[in-house]
Amino acid sequence: MTQDQAALEAGIRSAAETQFPQTMEDLAALVRIPSVSWPAFDAAHVAHSAEAIAALLRETGVFDVVDIRRAPVEGGTELGQPAVVARREPRGGKPTVLLYAHHDVQPPGKDEDWETPPFEPTERNGRLYGRGAADDKAGVMAHLGAIRAFAAAAEAEGRELELGIALFIEGEEEWASQSFGNFLRENKDLLAADAIIVADSSNWDIETPALTVALRGAVAFNLRIDTLDHASHSGMFGGAVPDGMLAAVRVLNALWDADGAVAVPGLVTADLTLPEYGEDRLREEAGLLDGVTPIGRGDILSRLWAQPAITITGIDAPDVANASNTLIPGVRVRVSARIAPGQDPAAAYAAIQEHLRANAPFGARLDFEDPDFGQAFLVDTSGWAVSEVRGAMADAWDREPVDIGVGGSIPFIAELVEEFPGAQILVTGVEDPDGRAHSPNESLHIESFRKSLLTEALFLARLNARTV
């Protein structure tokens with residue numbers, strides 16, 4: 001590292017620290033906006049969130065353009081939720097980096113499940129609690145805070161900021177990114193970059209940074225199981241007539257073996273290098289009750305990152321309060337499957353369909369509805385951008401980063417690869433295993449956030465020293 005670069009990075013550290021209280025204030029202000037992108041919620045809040053972020057970006061004075069844009073959802077004319085985009089062009093042959101995060105959030109659920117109100121950011125025990133505090137408004141503010149620190153340090157050192165920077169702050173990631181592909185195509189020139197940071201993942205723990213190198217794919221669909229053309233009295237016909245619930249229980253049970261591992265032929269396991277992770281940590285992070293055992297076989301991280309998983313996430317049937325002595329003619333369930341990196345989701349869906357049909361009991365009729373696919377992702381770790389971000393992580397955290405997989409999916413990454421095949425994609429994040437994203441009492445570990453922000457600022461400075 002040159003003397004000038006060392007001085008710039010020292011200035012970045014100082015600026016990031018000085019600016020951090022304001023960064024936290026801005027994050028808290030964003031958390032107060034209930035920007036849930038699901039159709040049942042007020043879309044005005046998502047628009048408000050986009051406007052607030054655009055204002056913060058304009059205040060930096062870094063960008064040639066800052067705008068709020070929308071694109072049609074796939075297969076329709078309805079516009080998706082508003083996204084914030086910004087760009088400054090590179091100078092002097094420097095690369096361009098695209099910074100992605102999303103400003104929409106999951107529904108909060110029941111207020112009584114939260115220790116403090118979900119949209120009132122609250123600090124306690126070194127964490128900031130609130131819906132979106134971690135997923136993913138902290139990702140938004142990590143980008144913004146890094147840019148602020150980098151720009152302030154460059155100005156103090158009399159250095160020109162030559163790096164190209166683009167931002168894409170999406171507004172509907174929590175609602176399946178339904179306009180994502182169209183948005184990329186309509187704004188391709190604005191978003192084009194040599195490297196892309198997707199800030200929507202997690203670190204290994206609160207003391208160890210991580211680069212996400214593997215993401216499982218996703219297959220989800222509704223399954224209808226029918227045995228009768230109308231409901232019948234359970235006392236008159238029970239014991240001779242199979243009801244829809246019995247058939248549903250039987251056919252769904254065929255998805256797993258006795259150990260709880262997925263039992264669908266044709267679903268594969270990926271070959272991944274795995275760090276150490278014991279059952280005690282799984283029990284603590286997942287909240288397993290005493291006496292409840294883990295499911296599956298093999299290394300725990302293989303089960304979480306490299307093997308398929310199938311979950312029933314919803315069921316349409318009479319609730320207990322309205323139960324009557326009736327044979328239910330049919331049941332509908334939502335099946336959510338995670339598939340190993342490297343497997344095609346359409347092939348996985350076909351395998352699951354075939355297995356369910358082969359195991360339908362009593363001649364029950366199965367109907368498959370509304371399939372939704374998400375591609376898995378494996379990072380090419382051989383590029384210069386991976387080397388630079390790993391070095392920045394090690395310097396900001398004073399600890400070498402860990403390469404991790406994630407059991408969840410970020411399906412739109414495949415669309416980024418398709419639209420920008422030459423870009424190196426880096427999946428980072430500000431979350432940690434205790435953050436409870438999507439759950440009540442979601443929170444951000446503040447010190448980890450501080451280090452994640454510094455990591456990105458150092459990464460920007462090092463890209464500013466490169467040429468392409």
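Predicted model: local features only at pLDDT ≥ 70, side-chain atom pairs only at ≥ 80, totals over all residues.
Q: What volume does the largest cavity have, and which residues are closest to its centre?
A: Its volume is about 140 Å³. The lining has 16 residues. T428, G429, S452, T455 and E456 are the closest to the centre.

Q: Which elements give two or more residues to that lining?
A: They are α3 (137–156), β7 (195–202), α11 (384–397), β17 (424–431) and α13 (446–464). Helix α13 gives the most, with four residues.

Q: How do the residues of this lining divide by class?
A: Nine are nonpolar, six are polar and one is charged.

Q: Is T455 buried or exposed?
A: The cut-off for buried is under 20% relative accessible area. T455 has 5% relative accessibility, so it counts as buried. T455 sits in helix α13. Leaving aside neighbours within four places in sequence, T455 is in contact with V389, A392, M393, A396 and W397.

Q: How far apart are T455 and L223?
A: They are 232 residues apart in sequence. In space, the C-alpha to C-alpha distance is 45 Å.

Q: What lines the second largest cavity?
A: This cavity holds about 40 Å³ of space. Its lining consists of Q81, A83, F168, E170, G171, E172, S179, F180 and F183. At least two lining residues come from each of β6 (164–170) and α4 (180–186). By class, four are nonpolar, three polar and two charged.

Q: Which residues have the most contacts inside the largest nonpolar core?
A: A nonpolar core joins buried residues through side-chain atoms within 4.5 Å. The largest one here has 94 residues, and I12, V97, F168 and F449 have the most contacts inside it. Helix α3 supplies the largest share of this core, twelve residues.

Q: What is F449 in contact with, leaving aside its neighbours within four places in sequence?
A: F449 is in contact with F20, T23, M24, L27, A138, M141, A142, V430 and L444.

Q: Which residues of helix α7 are buried?
A: In α7 (residues 244–253), the buried residues are G244, A247, A248, V251 and L252. They cover an arc of only 120 degrees around the axis, so they lie on the same side of α7. What covers them includes β9 (217–226), β11 (309–316), β13 (330–339), α10 (345–358) and β14 (365–374).

Q: Which residues does a cis peptide bond join?
A: Omega is the angle to read. The bond between D135 and D136 is cis, with omega about 5 degrees. D136 belongs to the loop between β5 (127–129) and α3.

Q: What is phi of N125, and where is the residue placed?
A: Phi of N125 is near 55 degrees, a positive value in a residue other than glycine. N125 is in the loop between β4 (122–124) and β5. With a relative accessible area of 75%, N125 is exposed.

Q: What is phi of D398, and is D398 buried or exposed?
A: D398 is not a glycine, yet has a positive phi of about 55 degrees. D398 lies in the loop between α11 and β16 (402–406). Its relative accessible area is 69%, so D398 is exposed.

Definitions and conventions:
Residues numbered from 1 in each chain as written. Heavy atoms only, no water. 1 Å grid on protein atoms, 1.4 Å probe; cavity = no way out; pocket = protein on both sides within 12 Å on 5 of 7 lines; lining within 4 Å. Points joined across faces, edges and corners; volume = space filled by probe spheres on them. Nonpolar A, V, L, I, M, F, W, Y, C, P; charged D, E, K, R; others polar. Buried < 20%, exposed > 50% of the residue type's maximum accessible area, 1.4 Å probe, protein only. Contact = heavy atoms within 4.5 Å. Arc of directions from axis to C-beta.
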